[in-house]
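User: Please take me through a few residues of this model, one question at a time.
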Amino acid sequence: MIQRLQLGASVSLIALILLTLAWEAVLAPLKPGGSLLIFKVLPLLLPLFGILRGKRYTYQWSCMFILFYFTEGVVRAWADVGISAQLALAEVILTILFFTCTIFYARLTRQAPQNSVKNP
């Protein structure tokens, strides 16, 4: 189960990186020829190696970090039209998948608390 969650998080993060690059460079940039919004992909690279290596701490903070991209996807899916709205919906789906995988991965990999006896 843990390997599936790691695979799901890795695939969804890489897909989100590729979607963002294609969206802002070629498919539906804000301005013809591309825009500076392509740089929004850079923060997505921060958790990539930690996610690929299965580092629990990266899973913990990246599940909150991805909510910025979820919010952007929801706003653009609501406000944009055409292919941009469809790409935004794809962004929302990928962020939900990533969020779900990271939450459950962090939960399943936590260590059980030590049974300690309290001194009276």
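User: Is Ile103 buried, partly exposed or exposed?
Analyst: This is a predicted model, where local features need pLDDT of at least 70, side-chain atom pairs count only at pLDDT 80 or more, and totals for chains, interfaces and linings use all residues. Residues are numbered from 1 along each chain as its sequence is written, and side-chain values use heavy atoms, with hydrogens and water left out. Buried means under 20% relative accessible area, exposed over 50%, and partly exposed in between (1.4 Å probe, protein chains only). Ile103 has a relative accessible area of 34%, so Ile103 is partly exposed.

User: Which helix holds Ile103?
Analyst: Helices are DSSP runs of H or I with at least four residues, numbered from the N terminus. Thr102 is found in the helix of residues 83-108, H6. Ile103 also lies in H6.

User: Is Thr102 buried or exposed?
Analyst: Leaving aside neighbours within four places in sequence, Thr102 is in contact (heavy atoms within 4.5 Å) with Ala9, Ile51, Tyr59, Ser62 and Cys63. The relative accessible area of Thr102 is 0%, so Thr102 is buried.

User: What is the C-alpha to C-alpha distance in space between Leu87 and Ile66?
Analyst: Leu87 lies in helix H6 and counts as buried, at 10% relative accessibility. In sequence, Leu87 and Ile66 are 21 residues apart. In space, C-alpha to C-alpha, Leu87 and Ile66 are apart by 16 Å.

Methods. Helix = DSSP H or I, 4+ residues; strand = E, 2+ residues; numbered from the N terminus.
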